[in-house]
Amino acid sequence: MKSKKRNIIGAICITLLALVALFIYFENTGYGNVVEFVPYADFMVMAEDGQVSRVLLTETAELQFYLYASDVPHETSNPRNPALKEQLLLMGIDVYEDTSIAVGGIISSFLPIVFFIVMFILIFRMMGKASGKSAMSLNVTAADETETNVGFCHVAGNDEAKESVQDIVDFIRNPEKYAKYGARMPRGIIFYGPPGTGKTLMAKAIAGEAGVPFFATSGSDFVQMYVGVGAGRVRELFKKARAAGKAVIFIDEIDAVGKTRVSGGAGGNDERDQTLNALLAEMSGFGSGEGIVVIAATNRLDTLDEALLRPGRFDRQVEIGLPDMAGRKNILNTHAMNKPISRGINLDELARQTVYFSGAMLENLLNEAAITAAKSGMDEIVQSHIDTAYYTIIAGSEKKDRSAIKDKERRITAYHEGGHALATKLLSPEHSVPKITIIPSTKGAAGFCVNLPPDKMYFTKRELENQAIALLAGRAAEEAVFGADNITTGASNDIQRVNQIIKDYVSKYGMSSTAGLAELSDEEKHKEYRLHIDKLYQSALGLVKEHFHTLESIASALMDKESLNEKELDEIMASA
């Protein structure tokens, strides 16, 4: 408020200075008065003839005089002759000397300088305040308990995570209750898991349930070019939280500032290290009865510094993972409440089809369906809108103009996607294949085969191998039909996914019968990967050739209809 008043006063002063300068300028220049200029020789003739009544001598380049017959001022050149005054007086002319004009000239000369000095000072002060604010202030959004109208009832799914933080709410509400038993409230909680699983929402729910202010910021807001700025921002954040009494501090993307510190100069970052040290110091300074808890969120728990994760800092680590089927159903029901969903839509079936969807993806699915329904002008969201949104999220929108696609390319795509579907149905019958299509998408896919595994806590060795074979079956089908020299680039994504599966299969899970649980060198790893991928590809090629008649039936149906659902696929598999 005070700075606002100072700015208003400064603006008024500048305006007054400008008006004074303009006034003096116009006075000196005679702006607004009609002044007749007379040559000096003519002036002297008029003076000698007695026509001049009075003369105003100044230090300027002109002097003013008035005639007896007129009140209009006249001007002539000023010779600046010291004897002129005496000469005019002897002629009976009244002579005045106007020193105010000289003073005015001096003032008018200096006023612009003063004006610009004042302007420079004010601008410099404003820039100094702005730079200080932008450098040291933190982008913190704070909401008190009346504004944070989010509770656990708004968090669908993640029941285990909610159970893990229930006691935190009671800690914040009644810290003295636990202090009586000598219990220390966890100073920090780390929420980790894939993006879009509701980590921020869970933190808001804790603050909402406890009825305390919620201070939210991002780890990237602490990272600055100048050393010391990030540490200052950390102290500012915790100062605000302490001023509020009980509070929840939420730091999203904590890995931006909390990555493992590197000793020595190579790869070090003094600013980030200072910021991390300030964060650790502030967390260590909490009293057990303060009722303040720090919640951080990250997608990369493995990159965080060990000092952050030790007891007394972030005491508790809570996984906010992808929802299971029950969780997905709850999330879908939550987001469907404010939408005109048709009774013909089975959200249970949709929950089964959205394996590996995060909460954010499920919300986006229904939102895209609502947009599609609005564009079509229908009164409610029907199954076709859900299907369009679902496949748009998975593979992108369908290309409308397919005139440039040759029949040969459509045939290759039909056999490729048919190979995926065939291998999935034969090797993993528990998997669902809700759609196969050879319609190209805007994301660059020539077609796709949706392969949905059931919700599982872990996969067996055989299941991982079958997943890899199903991915390689597309390339194997191309080779079986068109020959090894005519395979295409369509399997690029399949190959990437197979390589990741085999890397985990060998190095992470220790399932290789030849390598076992041993730690391998890079060269040995590459050989092992190559050995397994080649072996699995031969299995895929053998499977495709063994069931070639069924593959041809699937490809023929795709060429005819362009898309098949699971029921149509099952009928082809049963009759082939």
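C153 counts as exposed because its relative accessibility is 65%, while C449, at 17%, counts as buried. The cut-offs are under 20% relative accessible area for buried and over 50% for exposed, with partly exposed in between (1.4 Å probe, protein chains only). A disulfide is taken as a pair of cysteine sulfur atoms within 2.5 Å, and by this rule the count is zero.

The model is predicted, so local features need pLDDT of at least 70 and side-chain atom pairs count only at pLDDT 80 or more, while totals for chains, interfaces and linings use all residues. Residues are numbered from 1 along each chain as its sequence is written, and side-chain values use heavy atoms, with hydrogens and water left out.

Next comes the sheet. Helices (H or I, at least four residues) and strands (E, at least two) are DSSP runs, numbered from the N terminus. Two strands pair if DSSP finds at least two bridges between them. Five strands form an open sheet in the order β1-β4-β3-β2-β5, with mixed pairing. The edges are β1 (36-37) and β5 (94-97); each has a single partner strand, so one side of each is left without a neighbour in the sheet. Strand β2 (residues 52-57) pairs with β5 in the parallel sense over four bridges, and R54 stands opposite D94 in β5.

Helix α17 covers residues 461-482. Its 22 residues reach 32 Å from first C-alpha to last, close to the expected 32 Å, where the expected span is 1.5 Å times one less than the number of residues. A kink of about 40° in α17 is centred on A473, the bend being the angle between axes fitted to the seven residues ending at a residue and the seven starting there. Of the 22 residues of α17, 16 are buried, so the helix is largely enclosed by the rest of the structure. After α17 comes G483, with a positive phi near 95°.

A nonpolar core is a set of buried Ala, Val, Leu, Ile, Met, Phe, Trp, Tyr and Cys residues joined through side-chain atoms within 4.5 Å. The largest one has 45 residues, and I436, V498, I502, I554, L558 and L569 have the most contacts inside it. At least two residues of this core come from each of α16 (407-427), α17, α18 (492-508), α19 (522-546), α20 (548-561) and α21 (566-575). The largest share, ten residues, is from α17. Not counting residues up to four places away in sequence, I502 touches Y529, H532, I533 and L536, contact meaning heavy atoms within 4.5 Å. A second, separate core of 29 residues includes V150, V155, Y178 and F214.
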